[in-house]
Amino acid sequence: MADPDDLDGDGISGRMRRVRDPESGQLRLGRFGWKASQASVRHQVASALNTDLGVMTSTFPAPDCGPMQMDCGASGAELPDEHLDTLTTYVSLLGVRARRGLTDPEALAGEALFADSGCLACHVNTFTTTPYHPHAELRNQTIHPYTDLMLHDMGPGLASTLNEADAGGGEWRTAPLWGIGLTAGVSGGEAYLHDGRARNLEEAILWHGGEAEESKQAFVALTAAQRSAVIMFLKTL
Ligand code: HEC
């Protein structure tokens, strides 16, 4: 799905982020994190332990000092590998709730409008998982994540100053939309996009720019009833 030079001329140039697997040293597709910075669930968990919680593991045995500190303590795993493995297994096997409202005419109309507005160009709905996943229950599964896992330039309105080595300020991995309709119930409130600035789904769509500008304009051009059908569809995911 990567099309970095927009060879198909649709104005959307998804870019694959290659990141180094901290354990094998191999370059792999970045799949997790707002900027697709982590290659695997284990990489994501070890990185969150280190940078969000200050807990070192064999995967990231050095303390996360930040740019202003020269020395912030000794290196060495604090959490045994056994616990990192258990956490990784737990997170890998969390289920995704089934879609709801499958016979709701408004939601189904919204699903068609989601496709007509070009949202599927990035929020790709269907994949089959590989036959090689370490967990047998995750092999050959049809899944509906609504993401292409690619980085897209979303324009200056969504750009942050926190650049990463090889991802620009305005580049974000397409946010997966599965489960998004359960946000309010699970989180006790709504806050979308990478910094939580959007107070509802409509605001999240209206912040789209850059490669998603045309698609956003297609959404804006819908009638009020059609826009609420799109939102109704998103709430069934
Ligand atoms: C060019 C690719 C692209 C297109 C086209 C696109 N999106 Fe997105 N979408 C993204 C990216 C990237 C993000 C994450 C942006 C961020 O967090 O700053 C996102 C985020 C979202 C979110 C918020 C998700 C969350 O968890 O916070 C919603 C809702 C959404 N898109 C809906 C839509 C709808 C509806 C359309 C069609 C009108 C659409 N998108 C078209 C790339 C795209």
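On the protein side, the iron atom is coordinated by H123 (NE2) and H208 (NE2), at 2.0 to 2.1 Å.

H123 lies in the loop between α3 (105-116) and β3 (127-128), whereas H208 lies in the loop between α5 and α6, so the pair ties together parts that are 85 residues apart in sequence. H123 and H208 are both buried (under 20% relative accessible area, with a 1.4 Å probe and protein chains only).

## Basis of the model

This is a predicted model, in which local features need pLDDT of at least 70 and side-chain atom pairs count only at pLDDT 80 or more, while totals for chains, interfaces and linings use all residues. Residues are numbered from 1 along each chain as its sequence is written, and side-chain values use heavy atoms, with hydrogens and water left out.

## Shell around the ligand

Of the 26 residues around the ligand, C119, C122, H123, H194 and H208 come nearest (a residue is near if one of its heavy atoms lies within 4 Å). A backbone N or O atom of L193 lies 2.7 Å from an oxygen atom of the ligand. Among the elements that give two or more residues to the shell are β6 (171-173) and α6 (213-220), but α5 gives the most, with three residues.

Key:
A polar contact is a pair of N or O atoms within 3.5 Å; within protein, one must be able to donate a hydrogen and the other to accept it, and residues adjacent in sequence count only if both atoms are side-chain atoms. Helices (H or I, at least four residues) and strands (E, at least two) are DSSP runs, numbered from the N terminus. Donors are N, O and S atoms within 2.8 Å of the metal (3.2 Å for Na, K and Ca); water is not among the atoms, so sites may look incomplete. Buried means under 20% relative accessible area, exposed over 50%, partly exposed in between (1.4 Å probe, protein chains only).
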